[in-house]
Amino acid sequence: MALWRIRATVDDRPGYLSVLTASLALREVNILTVQVHTTEAGAVDDFLVDAPEELDEAELLAAVARGRGRNCWVARSEARGLADQPTRVLGLATRLVRDPEAAGEALRVLLGADEVSWRPAPAADRPGIGDTTMRLADPTGGTYLLRRAAPSFTPAEFARAQALVELAAAAVRRSAEQVTLVLSDGAELAVRVATADDVPAVGALHESCSAQSRQRRYLGGAGLPTPARLRRLVEPDRGLTLLATDVDAPGEPVVAMANLIAEGDEAEAALLVRDDWQRRGLGTALLRRLVRHAEQAGYVALVLHTQADNGPMLRALRRLGRPAPVDRDGPVLTVTVPLAVTAPSPS
């Protein structure tokens, strides 16, 4: 006996699947597993079967056609195909928790893709599937592009792949910065990735900062951000936010925020440090962590907008030790820090 994978579209009508299975049974084909993918064209049934050794691809195609199956695809399979889909997905998820950078390889294994590539810029087209391609938005920035000659991708496969990518992004965010930061004066801070639960604490940070500090952060004004804007700052669509908390103070208040927001193949960075924590090296330490994350995510440059009289930010930039072109527009400077691109491996 030999293992085969068969995928065919079957009209979603009573009895039609049984006609297909009966046709296979007449050729002594034993169905081991079946998955059903719902599509607009009908139900796409994905079978793993055990067939007689003498049965070839043409005979399997003919058996499916006689069973009213359409758009049939068949291919030889291996013993590892006997593992059911939930078990395979859980195994890949476990791997991603341990190594988030393996997302490309996990996608290839999950979907049997011929090619998986990653690009730092968002896709020109919306995420979705074509007959031979799949585009996935990477929540940390960029786009995954998958190609598979056959069979065609299905909406169910797209949903599984997007969930896997989002899991990898969550693991990246969780592991990006979970450290204890010791400043030169001996003060200790916890640095971690922000979550939606941090919105009130980030709001309190803004309230505790001076109007000058808020103006330097936002350039356009010294007012307090709206709750909606705070939520976007804490959990940006593409990028991440780091928070520094004072572990020695009651309630461990947030004393600094560092934002990394993706824009194409570049990432914009910004800092807000509470006044009593400024000029102690905290801003520089957070900026260095943003640079490291941006490089790991594959961005080509880190862009910062700051006022020309913002001495603390300019000193932090100089301490990076990287040549950075500066453009001036009135009182606002735009500093572009080149990065060493280390994009996630697609395989």
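**Salt bridges: worked exercises**

By the distance rule, the count comes to 11 salt bridges. The model is predicted.

**Exercise 1.** Find which parts of the chain the salt bridge between R7 and D46 ties together.

*Solution.* 
- Step 1: check the contact. The side chains of R7 and D46 meet at 2.6 Å, N to O. The cut-off is within 4 Å, so the pair counts as a salt bridge.
- Step 2: place the residues. R7 lies in strand β1, residues 2–10, and D46 in strand β3, residues 42–51.
- Step 3: conclude. The pair therefore ties together parts that are 39 residues apart in sequence.

**Exercise 2.** Decide whether R7 and D46 are buried or exposed.

*Solution.* 
- Step 1: recall that buried means under 20% relative accessible area.
- Step 2: R7 has 4% relative accessibility, so R7 is buried.
- Step 3: D46 has 6%, so D46 is buried too.

**Exercise 3.** Work out where D185 and R280 lie, and what their salt bridge joins.

*Solution.* 
- Step 1: the closest N and O atoms of D185 and R280 are 2.8 Å apart.
- Step 2: D185 lies in the loop between β9 and β10, and R280 in the loop between β13 and α9.
- Step 3: the pair therefore ties together parts 95 residues apart in sequence.
- Step 4: D185 is partly exposed at 46%. R280 is partly exposed at 26%.

**Exercise 4.** Classify the exposure of R274 and D276, then name the network built by shared partners.

*Solution.* 
- Step 1: R274 and D276 form a salt bridge at 2.8 Å, N to O.
- Step 2: R274 is buried at 17%, whereas D276 is partly exposed at 43%.
- Step 3: salt bridges that share partners join R5, R7, D46, R148 and E157 into one network.

Definitions and conventions
Residues are numbered from 1 along each chain as its sequence is written. This is a predicted model: local features need pLDDT of at least 70, side-chain atom pairs count only at pLDDT 80 or more; totals for chains, interfaces and linings use all residues. Side-chain values use heavy atoms; hydrogens and water are left out. Helices (H or I, at least four residues) and strands (E, at least two) are DSSP runs, numbered from the N terminus. Buried means under 20% relative accessible area, exposed over 50%, partly exposed in between (1.4 Å probe, protein chains only).
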